Structures are given as C-alpha cells and as structure tokens.
Amino acid sequence: GGLDLASINIMRGRERGLPDYNTIRENFGLSRVSTFTDINSNQDIANTLESLYGDVNNIDAWVGMLAEERMDNALFGELVMKILEEQFRVIRDGDRYYYENDPTLTPIEKYDIKHTRLYHVLMRNTDLSIMQPKVFEAMPHEEICATSEPFADLNGTIQREDGEMLSDVEVEVIDAASTTFVGSSVNGAYTVSDLATCEDYVVNANKDGVAVAGVSTLDLVLISKHILNVQYLDSPYKILAADVNNSNSVTTLDLVGIRKLVLRVA
C-alpha cells in the first residue's frame, strides 16, 4: 500500500497544535468566514466541507487553505497568499544582504537593481543579440526584436500648448509588465535611462499632483460642443486634457469626471 498524504498532513497539524482555519485567518488580519460558501463559492465543495466539519470553526487549517477559492491570477486562495506574502516580507526585511537593506548602495543603484529583469541579466552577460523580453514565454522568432543595442535612453520634452517648456514634471515610463521607471524634466527636457529597446512603453507626465486650477464650467461647455460636433476642440492638447478617463476619445463620461472635479465631488 501507499500513504494517505492528506490524512498525514491533517494529523501533523493537529499534533503540532495548529489552530483551526478561521483562527489562522483572524491571526493574519483577515476576516473570519461565517459560511462554507465564504471559503469557496462552488456549492459541491461547500457541501463536502459542511458534511465533514459541520461548523466553519472546526475546519483544519490545511484543508481550509486548500479549499479556498483561488484569487485572480494566483494558484492559491486569500489565506495562503497572505501567509506567503508575510513569509517573504520577513525574510526580505531580516536579510542584511538584501540590496534594499545595503547601506553601501546609492538610491540610484537600488533603483537600477529593482528594475532589472532576467532579460536584462541575460543580455548584459552573454553574447545574445536577440531575446524575447519575457524570457519564459515563447514567441515566434520573427516577432522578436533584434538589435545591437539592447538598452537605450528615452528622451523627450514637456511643454505647454504655447511652446513654453515645463520643468520639474515627473515622468513615468511603464512597460508591458507594469514596471515603472521614473524621471523628471529639467528646463522641459527629460531622460529615462537604460530601457530595453525591444519593448513598448506608456509615458505619463504629472506636475504637482492632479491639476485643478483653471477647470471651470466653460470647459464643460466647450467639451459638450466637441462631443455634439458643433465646435471641435482646436488642438491635440485640449483633446488630451478633455479625455480625463484615458479612453482615447472624448465622451460624456469625461464630462461627468470634469463636473465632479469642478464640484469637488469624489
């Protein structure tokens, strides 16, 4: 015969005095479940748990964690993900060799390390001239960007509609993996260094938080005319400013957002 690993794991938890599933949730700052469907919305799973335990406060920790409904884009449920997060956090914070804890590294060096991916490591330390940005995801060879310069600086300017250059504007450059690189404009010009040349980026600019000054009911009238094809906004700057929900078009939803801004409504 073999061994019943599930039974062994349940008994290990009981022998070592692990509390029940609900108590562990509470200990990690999560709310206690009150019904079996709170653990998993699948009625068959909920019914099975209820037939075995009778009460949600009797569930063994190992069983409850495995039965949890998976979180989005994850292999586990809420409690397991919380435990993993806490475990990795304390390992990181307690490791004096972890780069963010190293007092000899400058803020710029820490920033560069934080934004280094496996793709960057491979390209910097091998003779490869072509590599997909997400190294574990296969893609057709002809679609892979080939370049002799795997990294380059992104340069640009921030200016008003009238051509006046703006300084001290925070520039965010975001790649496909949602990694954010930050720069700032000086005399209107900005540079974000060492970006992978074979990737697409979104560039956002922000100065002094969300701009409120200058927004009025007149803007609502002008945008309404644009939406109704009565009088179009006469510059790309105005159209970009009117597209407050970043939908790549100016619609009545943008009017609603600007009206809330004018009225200071959340």
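1. A salt bridge here is a side-chain nitrogen of Lys or Arg within 4 Å of a carboxyl oxygen of Asp or Glu. The model is predicted. By this rule the count comes to 10 salt bridges.

2. R89 pairs with D93, and here the closest N and O atoms lie 3.1 Å apart. The two residues sit four apart in helix α6 (residues 78-94), so about one helical turn separates them. R89 counts as partly exposed because its relative accessibility is 36%. D93, with a relative accessible area of 41%, is partly exposed too.

3. The R89 and D93 pair belongs to a network of salt bridges that links E86, R89, R92 and D93.

4. D175 and R117 also meet through their side chains in a salt bridge, at 3.3 Å, N to O. This pair links distant parts of the chain, 58 residues apart. D175 lies in the loop between β2 (170-174) and β3 (180-184), while R117 lies in the loop between α7 (107-114) and α8. Buried or exposed? D175 is buried, and R117 is buried as well.

5. A last point concerns S129. It is found in the loop between α8 (118-125) and β1 (151-157). S129 has 46% relative accessibility and therefore counts as partly exposed. S129 and C145 are 16 residues apart in sequence, and their C-alpha atoms are 9.3 Å apart in space.

How values were computed: Residues are numbered from 1 along each chain as its sequence is written. This is a predicted model: local features need pLDDT of at least 70, side-chain atom pairs count only at pLDDT 80 or more; totals for chains, interfaces and linings use all residues. Side-chain values use heavy atoms; hydrogens and water are left out. Buried means under 20% relative accessible area, exposed over 50%, partly exposed in between (1.4 Å probe, protein chains only).
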